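Thank you all for coming. I would like to walk through one model this morning, beginning with a single side chain and then moving on to some rings and a sheet.

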Amino acid sequence: VHSDFVAVDKPPGVPSAPHVSNGREWLIPYAAAALDALLPGTSPSILRPCHRLDIGTSGIILMARNVNFAEHFRKLLQTKAG
């Protein structure tokens, strides 16, 4: 846990983004609830995924805790991809 981002270990079978068939059971709500339990007394967490993994893939997903970091990380990915 960092002030700007959270690294989350996504298990296989959990979507990293909402889907039209199920917009409630995906990684962000679970991660936000866990973070709020870890840091009681803080405002509810608003997380933004910085990238995605396929539903069957496990691995680390970086989630921004603010808009500035989300934009910064997006630019880093574009630089590396380009």
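Let me begin with a term: by a polar contact I mean a pair of N or O atoms within 3.5 Å, where, within protein, one must be able to donate a hydrogen and the other to accept it, and where residues adjacent in sequence count only if both atoms are side-chain atoms. Please keep in mind that this is a predicted model, in which local features need pLDDT of at least 70 and side-chain atom pairs count only at pLDDT 80 or more, while totals for chains, interfaces and linings use all residues. Residues are numbered from 1 along each chain as its sequence is written, and side-chain values use heavy atoms, with hydrogens and water left out.

With that said, the side chain of Ser 16 reaches the backbone oxygen of Leu 53 at 2.9 Å. Ser 16 sits in the loop between β1 (5-10) and α1 (27-38), where helices (H or I, at least four residues) and strands (E, at least two) are DSSP runs numbered from the N terminus. Is Ser 16 buried or exposed? Ser 16 has a relative accessible area of 7%, so it is buried, on a scale where buried means under 20%, exposed over 50% and partly exposed in between, with a 1.4 Å probe and protein chains only. Leaving aside residues up to four places away in sequence, Ser 16 touches, among others, Trp 26, Pro 49 and Ile 61, contact meaning heavy atoms within 4.5 Å.

Pro 49 brings us to the sheet, for Pro 49 stands opposite Met 63 in β3. The sheet is open, with three strands in the order β1-β3-β2 and antiparallel pairing; strands pair if DSSP finds at least two bridges between them. Its edge strands are β1 and β2 (48-49), each pairing on one side only.

Now to the rings, which pair if the centres of Phe, Tyr or Trp rings (for Trp, the six-membered ring) lie within 6.5 Å, with planes under 30 degrees apart counting as stacked, over 60 as edge-to-face and the rest as tilted. The count comes to two aromatic pairs. Phe 5 and Phe 69 have their centres 5.0 Å apart and their planes at 25 degrees, so they are stacked, and this pair links strand β1 to helix α2 (residues 67-81) across 64 residues. Phe 69 and Phe 73 are also stacked, because their centres are 6.0 Å apart and their planes at 25 degrees. Together, Phe 5, Phe 69 and Phe 73 form one aromatic cluster.
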